[in-house]
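The sequence and the structure are shown below.

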Amino acid sequence: MVDSQQNKGYRVISMFDRLMDGQGINKKQEAFTHNVGEKTIQRDLNEIRDYIDKAKLDCHLEYVRVEKVYRLTNTGKSILSKEQVLAIVKILIESRALLKSEMSDIIDKLIAIVAADKQEFIHNIILNEKHLYVDLNHKKSLLHLIWGLSEAIQKKKIIKIDYLRECETIPREKILKPLAVIFSEYYFYLIAYDNKHEKDSPIVYRVDRIQHFLELNQKFQIPYAERFQEGEFRKRIQFMHAGELMRIKFVFKGASPQAVLDRLPTAKIVSKKDGQCLFEAEVFGRGIKMWLLSQGANIEVLEPIELREEIIETIQSMQQNYRYL
């Protein structure tokens with residue numbers, strides 16, 4: 001009797017574990033595996049269904065006639081819908097944020113959330129993109145490092161990193177007050193203050209260039225009123241190039257002012273005339289120059305005058321590259 005109860009306990013737990021993992025349970029196969037009748041397996045499945053109902057889990061057990069298996073189907077609002085999963089997967093692939101093996105694993109786990117009859121549809125939709133996914137050149141796994149940095153940020157611990165810039169061969173040791181980890185256009189970035197020479201503006205470090213990381217047994221404090229706010233920082237920075245915070249004014253002559261507002265969340269249209277828009281925005285310096293130049297003849301910078309002169313000098317320098325064939 002005891003053996004029978006133990007066998008039943010193992011059988012039910014085994015089925016429940018596989019169901020929770022997204023697998024299907026075939027009643028006939030299960031009966032053969034455990035050397036019991038199909039009615040016994042049906043009673044086991046009924047007990048699992050009762051447990052799910054009593055535990056108020058966000059799923060229910062149902063029979064998928066096409067596959068001839070029992071599966072768990074998500075029902076709760078806390079579970080991602082098939083539309084949400086597809087959108088997230090598309091964004092992940094476009095980001096190229098992780099190694100191909102890591103990205104593939106995450107995508108497969110996300111797709112496993114949706115109903116079985118929709119999984120193949122999503123797999124087919126992204127098959128080509130997933131197959132042709134290309135790793136970034138650094139080819140580093142950053143998941144553990146991102147987690148470690150995030151823990152140091154949460155605990156307000158000073159950290160020591162060895163940072164290797166591109167085209168350099170010897171890393172530089174830096175003692176930092178970590179503020180945030182941000183993702184932008186292919187790369188993860190650490191935003192931090194230098195521990196010895198704290199500046200008005202935080203410094204940006206690419207996470208993949210951190211060779212070694214150590215959390216020190218020393219905490220730091222930043223007054224609440226001066227706390228770093230990732231959302232506000234994002235609004236004012238382009239291409240993760242920091243610099244002095246400044247207000248700019250420019251004329252936009254292109255076809256889509258909305259694209260400017262999306263790109264620069266702090267931007268406001270001051271006036272419109274003859275199909276042109278006068279914009280004002282608050283931004284960090286170095287990155288905005290790159291974006292302004294990328295717009296070509298669609299933008300004319302008016303203020304500050306120093307930025308206008310820098311752009312004129314850059315355009316003149318660019319002309320030298322195209323003087324002769």
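What span should the 13 residues of helix 7 have at 1.5 Å a residue, and how far apart are its end C-alpha atoms? The model is a predicted one. Helix 7 comprises residues 143–155 and should span 18 Å. Its end C-alpha atoms lie 19 Å apart, which agrees with that expectation.

Which residues of helix 7 are buried? They are Leu 145, Ile 146, Gly 148, Leu 149, Ala 152 and Ile 153. Because these residues cover an arc of only 165° around the axis, they lie on the same side of helix 7. The face turned away from this buried side carries the exposed residues His 144, Trp 147 and Gln 154. The packing partners of the buried residues are strand 3 (157–163), strand 4 (172–184), strand 5 (187–194) and strand 7 (210–219). Just after helix 7, Lys 156 adopts a positive phi of about 55°.

**The nonpolar cores**

The largest nonpolar core contains 29 residues, and Leu 190 and Val 207 have the most contacts inside it. At least two residues of this core come from each of helix 4, helix 5, helix 6, helix 7, strand 3 and strand 5. Helix 7 gives the most, with five residues. Leu 190 touches, among others, Leu 149 and Ile 153, when residues up to four places away in sequence are not counted. Its contacts also include Ile 159, Leu 176, Ile 203, Val 207 and Ile 210. Apart from this core lies another, of 17 residues, among them Phe 252, Ala 267, Val 283 and Trp 291.

**Ser 95 in helix 4**

Ser 95 is found in helix 4. Is this residue buried or exposed? With a relative accessibility of 13%, Ser 95 counts as buried. Its side chain reaches the backbone oxygen of Leu 92 at 2.6 Å. Leaving aside residues up to four places away in sequence, Ser 95 touches Met 103, Phe 183 and Tyr 186.

**Salt bridges**

Side chains of opposite charge can pair when their charged atoms come close. A search of the whole structure finds 18 salt bridges.

| Residue | Partner | Distance |
|---|---|---|
| Lys 90 | Glu 129 | 2.6 Å |
| Asp 108 | Lys 130 | 2.7 Å |
| Glu 300 | Arg 308 | 3.1 Å |

Lys 90 forms a salt bridge with Glu 129. Lys 90 lies in helix 4 (residues 82–95) and Glu 129 in helix 6 (residues 116–131), so this pair ties together parts that are 39 residues apart in sequence. Both members are partly exposed: Lys 90 has a relative accessibility of 32%, and Glu 129 has a relative accessible area of 30%.

The side chains of Asp 108 and Lys 130 also meet in a salt bridge. This pair links distant parts of the chain, with Asp 108 in helix 5 (residues 100–111) and Lys 130 in helix 6, 22 residues apart. Asp 108 is partly exposed, at 32% relative accessibility.

In the pair of Glu 300 and Arg 308, Glu 300 is partly exposed with a relative accessible area of 30%. Arg 308 is likewise partly exposed, at 26%. Finally, Lys 155, Lys 157 and Glu 215 are linked in a network of salt bridges.

Terms used. Residues numbered from 1 in each chain as written. Predicted model: local features only at pLDDT ≥ 70, side-chain atom pairs only at ≥ 80, totals over all residues. Heavy atoms only, no water. Salt bridge = Lys/Arg side-chain N within 4 Å of Asp/Glu carboxyl O. Helix = DSSP H or I, 4+ residues; strand = E, 2+ residues; numbered from the N terminus. Buried < 20%, exposed > 50% of the residue type's maximum accessible area, 1.4 Å probe, protein only. Expected span 1.5 Å × (residues − 1). Arc of directions from axis to C-beta. Contact = heavy atoms within 4.5 Å. Core = buried A, V, L, I, M, F, W, Y, C linked by side-chain atoms within 4.5 Å. Polar contact = N/O pair within 3.5 Å; in protein donor to acceptor, adjacent residues only side chain to side chain.
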